[in-house]
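Visitor: I have a few questions about this protein model. Could you take me through them one at a time?

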Amino acid sequence: MLEYNIVLAGAAVQGVQTTAELCARFCHRLGYHLFLTHDYQSRVRGGHNFMRLRLADRPLAAAVAGIDMLLAFNRESLELYLPALKEGGQALASASVTTGIRDSRVFSFPEDLLPEAKAEKFVGVKLLVRFAVGVGFEPEVLKRLVSEFFDESRSKEILALNLEIIEVFSRLPKTGPVWLQPKAKQRAPVGALRLSGHAGLALGLVAGGLGLYAGYPMSPATSVMNYLAAFGKESDLVVEQVEDEIAALNVACGAAFAGLRAVTGTSGGGISLMTETVNLAGISETPVVIINAQRPGPATGMATRTEQSDLLQAVFAGQGEFPRAVLAPTGPENAFYLAAEALNLAEVWQLPVFVLTDQALGDAQTLVPEYDLERVVIDRGQVASEPESSQLLARYRLTESEISPCAYAGSSRWIVQQDSHEHTEIGRLSDDRENRVAQFDKRRRKGEGLAAVFPGPEIYGDDDGLLLLCWGSRFFATSIRLIALWSPGFWLRLSFWRRLLFCRKWQSFYPQPAAQS
């Protein structure tokens with residue numbers, strides 16, 4: 001069984017992320033399965049950044065601690081990670097970084113071979129060259145890879161200099177053992193995609209018919225907006241960066257009212273600002289998806305670190321009581337299908353849907369099978385048939401299913417009334433006691449109906465021993481559908497947790513493949 005762990009570490013603007021991306025592409029083409037994690041500080045310059053690239057001849061789902069190969073961009077990184085370097089491991093760094101370090105596992109290379117490339121931003125490609133040469137690959141392979149990466153969007157002069165670095169530094173003699181085999185024995189499947197969790201989530205939203213994404217940059221949720229903006233035009237969707245998180249959810253709710261499938265994304269602090277509009281979506285039964293890429297809090301917390309700390313915030317955000325769904329994908333593959341499903345849930349049940357991710361899931365890359373678009377079905381729920389002439393819609397009509405037919409303002413002959421007050425069936429403000437009870441019960445029973453169609457948790461192992469409850473990025477299996485679904489304050493919440501914690505033989509409605517660690 002083959003397995004290697006490579007760590008790339010340095011300061012911001014030294015090119016750690018770019019080098020790791022090139023290294024991941026390189027190893028992917030060798031046929032390895034991989035798992036790439038990011039760790040970065042909330043700084044424009046400086047600060048310690050590192051990335052772990054784990055390789056194996058089998059699917060991977062997590063990072064590990066022991067290091068086989070260390071690519072150290074600066075002295076700090078070399079000193080930090082040498083203690084974790086395995087006995088037969090190897091560390092690569094420039095001569096100035098290794099000065100005074102006596103360790104047989106540390107190999108250096110001169111920096112003055114190409115005076116015009118002495119800037120620190122070129123350290124990464126030098127390390128990558130020494131890594132590739134050590135593996136036993138010809139410089140031409142790396143040249144093609146770098147040329148593809150920089151393409152026409154980068155400076156021709158910078159590309160030419162990078163190619164010259166590859167040519168010059170590949171002439172140096174090989175250092176250390178050739179520990180990485182040129183090809184994995186069990187190659188990664190042909191057509192496998194190398195994606196992060198947020199890339200999978202963004203692609204799932206597009207496949208699910210996303211019409212508008214509104215957001216304000218906030219780590220670690222910003223990458224979702226960046227991915228969507230990258231292919232927004234060709235996907236016929238609108239990506240709008242607004243002035244703050246309050247505006248983001250308001251824009252999304254307005255777009256949903258007009259008939260677009262609408263999504264916003266932020267982190268815990270942004271959800272705090274959005275809470276008033278979460279209430280609006282709840283009482284107006286507006287279908288909207290809210291992505292919360294969690295980070296350690298409270299307040300600003302730790303902007304670029306990971307933590308699953310916002311589950312209760314998603315479940316209870318807002319005053320009063322109204323139903324919402326809370327979902328948590330487990331990886332890039334699951335994120336794709338769950339994102340499309342979140343859009344369906346929002347429109348079919350006419351409520352806000354939260355999708356919980358975190359930095360670990362959002363930034364980590366792994367290989368996933370090519371997505372099956374036939375599995376994605378768009379269900380827009382109950383839309384009222386068009387009337388012959390303009391008339392008022394009973395938008396909140398009491399029905400047996402508690403789901404009222406809707407219409408899209410501006411593109412329908414129906415007149416739709418909606419505001420933030422308790423309302424009658426036609427959407428007019430009302431303080432009537434009987435109407436209040438009827439509309440309250442309508443929303444409550446709708447939440448119970450949604451809960452009834454969801455699967456229970458996946459149970460692994462026997463009935464003896466410790467029960468470990470995991471969800472989202474920390475879930476130890478390959479997929480999960482439901483994390484939480486509540487109308488806060490109702491008995492539904494208590495009964496759900498009783499089933500989850502004590503009904504140990506509960507089976508999911510969705511059969512899943514065996515767990516892989």
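Visitor: Is E285 buried or exposed?
Guide: First, this is a predicted model, where local features need pLDDT of at least 70, side-chain atom pairs count only at pLDDT 80 or more, and totals for chains, interfaces and linings use all residues. Residues are numbered from 1 along each chain as its sequence is written, and side-chain values use heavy atoms, with hydrogens and water left out. Buried means under 20% relative accessible area, exposed over 50%, and partly exposed in between (1.4 Å probe, protein chains only). E285 has a relative accessible area of 1%, so E285 is buried.

Visitor: What is phi of E285 near?
Guide: E285 sits in the loop between helix 10 (268–284) and strand 11. Helices (H or I, at least four residues) and strands (E, at least two) are DSSP runs, numbered from the N terminus. E285 is a residue other than glycine, yet its phi is positive, near 55°.

Visitor: Where does Q350 lie?
Guide: Phi of Q350 is positive too, near 55°, in a residue other than glycine. Q350 is buried, because its relative accessible area is 2%. Its place is the loop between helix 12 (332–349) and strand 13 (352–358).

Visitor: Which bond is the peptide bond from S219 to P220, cis or trans?
Guide: P220 is in the loop between strand 8 (212–215) and helix 8 (222–230). Omega of the bond from S219 to P220 is near 0°, and the bond is cis.

Visitor: How many disulfides does the structure hold?
Guide: A disulfide is a pair of cysteine sulfur atoms within 2.5 Å. The structure's count of disulfides is zero. Take C27, which is in no disulfide: the nearest cysteine sulfur, that of C23, is 4.4 Å away. So the number of disulfides is zero.

Visitor: At what angle do helix 1 and helix 5 pack?
Guide: Axes are lines fitted to C-alpha atoms, for helices over the stretch in contact, and angles run from 0 to 180 degrees between N-to-C directions. Helix 1 (residues 16–29) and helix 5 (residues 139–150) have axes 11 Å apart, and their packing angle is about 125°.
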